[in-house]
Amino acid sequence: MAFDITPYIDKKPSEVRKLIREGVIDFPTAGMCRGYAQANLIILPPEYAGDFEEFAKRNPFPCPILEIIRGTPETHDMGEGGNICTDIPKYRIYRDGKWDGKELTDVSDYWKEGYVGFLIGCSFSFEETLMREGIEIRHIAQGRNVPMFKTNIMTEPAGPFCGPMVCSMRPMTPENAKKAYDITVKMPNVHGAPVHMGDAAEVGVADVMKPDYGEAVDFYEGEIPVFWPCGVTPQSITLIGGGARSALAEAGIQLYPGASGSADAQVEALLAGSLAYDPNTVCSHHDHGEGHTCGHHHEGGHTCGGHDHGCGHHG
């Protein structure tokens, strides 16, 4: 998917948000609204919002919160007049830990009383600074979305939220990678410094040309992959009570969570009808995410927000 962001580089955030609402912009917003930060979005039902807020506090680099939206979907701190249900190019709805297969441009009908939106700082925000320093940002140069990968770097769990960190990746020479590190380490509100530079296998990535999200970009001779924490991480952390439970149920497999002790003893107890288990137990090492909405990098899930790099937004 190639696209041209040239007409939008110097537009104001309010102008880009208007074009998104009108359906003119339905692609990633990297490079737009020069001088302003961008953000990812996750919207959650109230029963999960508190745990996710705690998860973000424990994992501030993949999930740096810029604004929490309650009551109505309008933004304030990160841009008056913004609406997290209409101002993102594409949305995905997750039910029981699974994406329902739809990509929407307006999720106003899904917003319910008590829902909470989280705007999470985005690495698109520091790319302008890197380009000013002479570092090419390959996905912008090639008109593609940034490649993103599930890694073997585990997040710190909170409630039902846990799973692998997603990282965005940019090819650079080792010299530029060091320069990029020195620049972005000063920007914690938009993911901060890279978590890995060099051999992708060390963070569990088998092939840098096969991203889990976004699009592959070209590598040139002498370049290495540079990985930053990514705000798409919420799409990789979902509940055993969601997707996994549904998949097991669909396969006719009953789950007995919370049982502990010798496997043989537990099987004997199950057969005897005396197994002690807790149906509300959730696993801290599997998928999560019931009935939540994500605005995401994969199809440009951002909307231009309101402040300079480091504390702005793009939800």
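The model is predicted. Its largest nonpolar core has 22 residues, and the members that touch the most others are Leu130, Met148 and Met172. Two or more residues of this core come from each of helix 3 (124–132), strand 7 (164–172), helix 5 and strand 9 (224–229). A separate second core holds 16 residues, among them Ile43, Ile88, Val107 and Leu119.

Beyond its neighbours within four places in sequence, Met172 has contacts with Leu130, Ile135 and Ile137, with Ala177 and Ala180, and with Gly222, Glu223, Ile224, Val226 and Trp228. Leu130, one of these partners, is also a buried residue of helix 3.

## Helix 3

Helix 3 is largely enclosed by the rest of the structure, because seven of its nine residues are buried. The buried residues are Phe124, Ser125, Phe126, Glu127, Glu128, Thr129 and Leu130. The list therefore includes Glu127 and Glu128, which count as buried under the cut-off of under 20% relative accessible area.

The cover over these buried residues includes helix 4 (138–141), strand 7, helix 5 and strand 9. After helix 3 comes Gly134, with a positive phi near 85°.

Cys33 is not a glycine, yet its phi is positive, about 55°. Cys33 sits in the loop that joins helix 1 (13–21) to strand 1 (39–44). Its relative accessibility is 2%, so Cys33 counts as buried.

His191 is another residue other than glycine with a positive phi, here near 90°. The loop that holds His191 runs between helix 5 and strand 8 (196–197). Is His191 buried or exposed? His191 is buried, because its relative accessible area is 0%.

## Surface patch

Which residues form a nonpolar patch on the surface? Tyr181, Val185 and Met197 do, and together they have about 240 Å² of accessible area.

Tyr181 belongs to helix 5 (residues 174–184). With a relative accessibility of 32%, Tyr181 counts as partly exposed, since that class lies between the limits of 20% and 50%.

How values were computed: Residues are numbered from 1 along each chain as its sequence is written. This is a predicted model: local features need pLDDT of at least 70, side-chain atom pairs count only at pLDDT 80 or more; totals for chains, interfaces and linings use all residues. Side-chain values use heavy atoms; hydrogens and water are left out. Patches are made of residues with over 30% relative accessible area and no salt bridge: like charges are joined within 9 Å, nonpolar side chains (Val, Leu, Ile, Met, Phe, Trp, Tyr) within 5 Å. Accessible areas come from the Shrake-Rupley method with a 1.4 Å probe; for residues, only the protein chains shown count as cover. A salt bridge is a side-chain nitrogen of Lys or Arg within 4 Å of a carboxyl oxygen of Asp or Glu. Helices (H or I, at least four residues) and strands (E, at least two) are DSSP runs, numbered from the N terminus. Buried means under 20% relative accessible area, exposed over 50%, partly exposed in between (1.4 Å probe, protein chains only). A nonpolar core is a set of buried Ala, Val, Leu, Ile, Met, Phe, Trp, Tyr and Cys residues joined through side-chain atoms within 4.5 Å. Contact means heavy atoms within 4.5 Å.
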